[in-house]
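Thanks for coming, everyone. I have one model to walk through today. Let me put it on the screen.

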Amino acid sequence: MGSVCQWSVWVDDTVQAWEGESVILNCSFQYPDPIRDPSTVIARWLKNSPFPNNHQAAEIYNSRNLEIVSPDVQLIGDLNERNCSLQIENIHKADTGIYYFRFELGQGNNWSGENGINVQVYGRPSKPDIRVPSEIIEGDEMVSVTCSTTNIDQRGRATLSWDGISDLTDWVPRTEEQWAGYSWSLTSNFAFIPSYQHHNRVIKCMVNYIPFPYSDEADLTLQIRYPPKNTVLLVNASQEEIKEGDCVTLVCVGNSFPEANYTWYKKDQFTNRTEVLSTVSSNILFQKISRKNSGFYNCMATNYLGSSLSSEIEIDVQYKPDKVTISQEVLYKCIAEASPPAVITWKISDESINLTDPRVSIKSEFNGTHSVSTLRLETTASFCVSCLAQNKHGVSVTERCPPGSFTKTLLLAVGVIASGMVVIIIFVIVAWRKKKEVIGGQELESDSQPVIYTEVQTPKKTQATQSETSGRQENEFAYANLQHESIGQRQAKAQSDKVEILGAV
C-alpha cells in the first residue's frame, strides 16, 4: 500500500451555520504514486463515523451511488485536483454532527480521514413578531404590546429589546422564556395609554442571539384612532386680495384617524343666514370666484369618533363699480328739551311710506333733559315730516319738508297769503261801513268781544282849498288799528284812544 504518510485527508475543524443556510465543508486528500485514473476514485462523506460499517455512520454522499444523495448535497471539489470539498444547502439543525471524508481506489486501497469536521447548526431565532389589539382608540385604558421570537436552541442565550417606546410608557418591558417542546420561545411586553400623538409612531423589537452572533428586528407602526382635532380652514389664493374672476381654493385641514368627512358652511354677509354647501370634500375650488361667493366660511371634520369645527374666515370678493344708481337720502334730526325727557315720534305725510319701511331708519338718544331722534329716509318722494315731542306735561309738534317739496310749499304759502289778503280787504270794507253808520248818528253795540273803532277827523278847509281838494276828496281814507276789548276796558279808555294813521292812498 505504500507509505502511510502518503495517504491523508485534510479538513476544517469546525463549521457553524444557521439553520437554512448553505455550508461548504472544505476538504483535500492524498494517496501514493503511481497516479491512478481519477475516474476510478470513489468519494464518500460519512456522518458521525469515518467507517461505513459502523452502525452510527450515516452516508451523506457517494459518487458511485448518487441516487441516495439528497438534492441539497453536492460535491464541488475536483477529484482530479484531489479536492473533496462538499456543499450542503438549506442545512437543518438535524444536520449537526461530525463529518468524515473517505476515498476508495479499489483493490483494498481505501482511506478514511481520522479527523472530521464538527458541523454546528443553530436554530435561527424567528423574526420578532409584534402584536397589538386590532383597534386602539385614544383614551382607552392600558394597551398591551407584545414581542415574541421562537426556535431558540439554548435557554438564556437570546434577548429581546425595544426601540421607540421611551416616551410611550414608563414601564420596563417584562421578558419571559417558555419551552415549546423542541426549542425555547422568548416574549417581551409593555403597556401604555394611547394618545393621538402616538399615531403613526414606529416601534421596533430586536432579538439578539449570543452563541452564534445573530440579530434581527421587526417594526410596527401604531394606528391610534381618534376624533378630528385642530381643524383649520386655509385659503389658497394667488394674492392676498381676492378679486372677481380669481382662482381660489378653500382647504379644510383636520387631524384625525380614520380620515374625516367634511361639511362646509357659508354665512351671508348681510342676512347672517347660514347655508350648508353640497360637498364632503376637504376642499372647495372656485375656478372663477364671483361676488356671490362672498361670505363667512367654516368647515366641520367628522368621523365616527367625533367632530371638530373650524373658525370662520371671511371671503370678501372685490370687484369694480357697476350697477351705479343715484338715490336720494334725506336726514332729519329732531331735538327736544323737556323734563322729564320727551319721547319723540315721527309722522310722514306720504301715506305710501310708513315707519317700518326698509327705506326708513330711526335712531333715538337721550342726554339729560335733551331728547334727540334721527330719521333717515332713502327715497325720491316729496313729502313733509312732523316731529312730535311728548311727555306727561304736554306735546309739541314741528313740521319740515325736504328739498323735493319746496315748490309745493311755496305754492301753498302763496295761496295762504292771497287768501289772507282777501279776508283783510273784506274786513276793512266792513269796518269802513260801520264807521259811516256811527258818524251818521247810528250806534253799534256788542256784548261779546267789541271792536273799538275811532273816528278819523280831517282839518276844515277854506273856500279856496275846498275847490283844490274837491277833486281828490272822494279818494282819501285812513287806516286804523283794530283792537278786541271788553266793555269795561272800552269805558276806561274812551277818552284816551288815539288814532294811528297807517297810510293814505
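Which residues make a nonpolar surface patch of about 460 Å²? Ile 417, Met 421, Ile 424, Phe 427 and Val 428 make it. Patch residues have over 30% relative accessible area and no salt bridge, with like charges joined within 9 Å and nonpolar side chains (Val, Leu, Ile, Met, Phe, Trp, Tyr) within 5 Å. A salt bridge is a Lys or Arg side-chain nitrogen within 4 Å of an Asp or Glu carboxyl oxygen. Ile 424 sits in helix H1, residues 406-439.

Some ground rules. This is a predicted model: local features need pLDDT of at least 70, side-chain atom pairs count only at pLDDT 80 or more, and totals for chains, interfaces and linings use all residues. Numbering runs from 1 along each chain as its sequence is written, and side-chain values use heavy atoms, leaving out hydrogens and water.

Now the whole protein. It has three helices and 35 strands. These are DSSP runs, numbered from the N terminus: helices are H or I, at least four residues, and strands are E, at least two. The protein exposes about 32,300 Å², and carbon and sulfur atoms supply 50% of that. Areas are Shrake-Rupley with a 1.4 Å probe; for residues, only the protein chains shown count as cover.

Of 505 residues, 31% count as buried. Buried means under 20% relative accessible area, exposed over 50%, partly exposed in between (1.4 Å probe, protein chains only).

Last, Cys 252. It belongs to strand E21, residues 248-257. Cys 252 is buried, at 3% relative accessible area. Its C-alpha is 5.9 Å from that of Asn 283, 31 residues away in sequence.
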